[in-house]
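User: I am new to reading protein models. Could you walk me through a few of the labels used for this one?

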Amino acid sequence: MSDSTDAALEEAGEKTEEAEAAQEPSASEAVEPETPAEVEPTAQAEPEGTPAEPEPEEPAPPTPRQTTALMLGAGESSRELALACERLGVAVIAVDRGDDPEELAALVERERPHYVVTESGSVAADALIAVAEQGDTEVLPTPRSIRLSQDREGLRRLASDELGLPTVPFWFAGSVDELTAVAEHAGYPLLVKPVAGSLDDGQSVLLRPDDIEPAWERATSAGGIMRVLAESVVEVEHAVTLLVIRTTGPTGPGVHFCEPIGHRADDADVLEVWQPQQLAPAAMDGAKSIAARIVNSLGGRGVFAVELLVQGDDVYFADVRVGPGDSGLVTVRSQRLSQYELHARAILGLAVDTIMISPAAAEVSYGTAEPADPSNVTAVLADALATSESDVRLFGRGDESDGKQRLGVALATAPDVIVARDRARRVGTALRKLFS
């Protein structure tokens, strides 16, 4: 090996020793001891055979449900109310009647509606009381209102005896002999009504003693109860329906009044109504006071049709219907919100207003017949609607009432109520050609 090779190897060895020396710390450098990494404490082992407790799961939030209303009654009035509710986002379940307590209770249990709304005269009030007591579903009108609406004696005693409302003189009779004694005491004429059921089929006027027994039979057959209501016939200027909307809110219940609705029924098959019916200021104040007291006593929310008799400044309570009625059909054209829209809003707790946008009148036609000539409907409607500011409604199926059926309604508006009534008569006369 050459001298140059030996020198190269010697130089490489020296460089290696220098590198290793550079990696070792010098004696003057302090060496920090290595700090072990922090270790999470381990859970204590469970004894063998003991299952670990599962962590509690948070309950799932309830699934949002659409607001639902179960409507008892599937007649024309109920369909109008159902449409008003649906326009406000409510799902409506409509059934024809609610007179079977077991079926009604099962239906409410299955559907779990937010509201049960009664639009039928045949309702199992006891079943509705049980539904209301559960607290999950609100019953409107209140079960008490429904029960009293089916019991004229209870309603009249509430108005007269408990609330002290002015009424025409009245008596109750439980037999032909008792009715005879009432007639001898009160004199003639005397109005006899069933205490339940339809007034249309059960009401009559006694003019002489020979009328007593037929009137008794008619009233008890219509009401199904061996008891009748007898009233003195008093002369009055106006028979008025005052629509009252009862609402509830943070400050408590409130009542709102529509303009008075006048009505008369000279023909058993035609009801004429108009709005507004002008009243003297004192009579208007009395009407509002009577209506507010009876409605607040019944409670709940919605439209109440309070029937009143007016003679000068004197006002007498006659009856109250819970929910939209035939006299209120005129509001379809007279008011910004019809009786159906007002009822739906009040049920849902929404704001209402009773603004009348035009004087209006209506004629409601009753009967049991279908159109005499269905092919002639268009021609009849053309004749009826030729009247200025007119409208009509034809009822395609029977409504939920137990008495005579509504066939159609003629409507008209005008700058004043006199012209509106004249127009409605012309429309109604043309429309009734369908049913003659």
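Analyst: Happy to! Let's start with a word we will need: contact means that heavy atoms lie within 4.5 Å. Please keep in mind that this is a predicted model.

User: Thanks! Which residues of α2 and α12 meet in that sense?

Analyst: From α2, Ser77, Glu80, Leu81, Ala84 and Cys85 take part, and they meet Tyr340, Glu341, His343 and Ala344 of α12. Sorted by class, this contact has five nonpolar, two polar and two charged residues.

User: What makes Phe170 and Phe172 an aromatic pair, and what kind of pair is it?

Analyst: Ring centres must lie within 6.5 Å to pair, and those of Phe170 and Phe172 are 5.8 Å apart. Planes over 60 degrees apart count as edge-to-face; here there are 75° between the planes, so the pair is edge-to-face. The count by this rule comes to one aromatic pair.

User: How do you know whether Phe170 and Phe172 are buried or exposed?

Analyst: Buried means under 20% relative accessible area. Phe170 has 18%, so Phe170 counts as buried. Phe172 has 12%, so Phe172 counts as buried too.

User: And why does Arg112 count as partly exposed?

Analyst: Partly exposed lies between the buried limit of 20% and the exposed limit of 50%. Arg112 has 48% relative accessibility, so it falls in that range. Arg112 is found in the loop between α3 (101-111) and β3 (115-118), and has a positive phi of about 50° although it is not a glycine.

User: What about Glu389?

Analyst: Its relative accessible area is 43%, so Glu389 is partly exposed. Glu389 is in the loop between α13 (377-384) and β16 (390-394), and its phi is positive, about 50°, although it is not a glycine.

User: Where is Pro141, and what kind of peptide bond joins it to Leu140?

Analyst: Pro141 is in the loop between β4 (138-140) and α5 (143-149). The bond joining Leu140 and Pro141 is cis, with omega about -5°.

Terms used:
Residues are numbered from 1 along each chain as its sequence is written. This is a predicted model: local features need pLDDT of at least 70, side-chain atom pairs count only at pLDDT 80 or more; totals for chains, interfaces and linings use all residues. Side-chain values use heavy atoms; hydrogens and water are left out. Helices (H or I, at least four residues) and strands (E, at least two) are DSSP runs, numbered from the N terminus. Ala, Val, Leu, Ile, Met, Phe, Trp, Tyr, Cys and Pro count as nonpolar, Asp, Glu, Lys and Arg as charged, and the others, Gly among them, as polar. Buried means under 20% relative accessible area, exposed over 50%, partly exposed in between (1.4 Å probe, protein chains only). Rings of Phe, Tyr and Trp (its six-membered ring) pair if their centres lie within 6.5 Å; planes under 30 degrees apart count as stacked, over 60 as edge-to-face and the rest as tilted.
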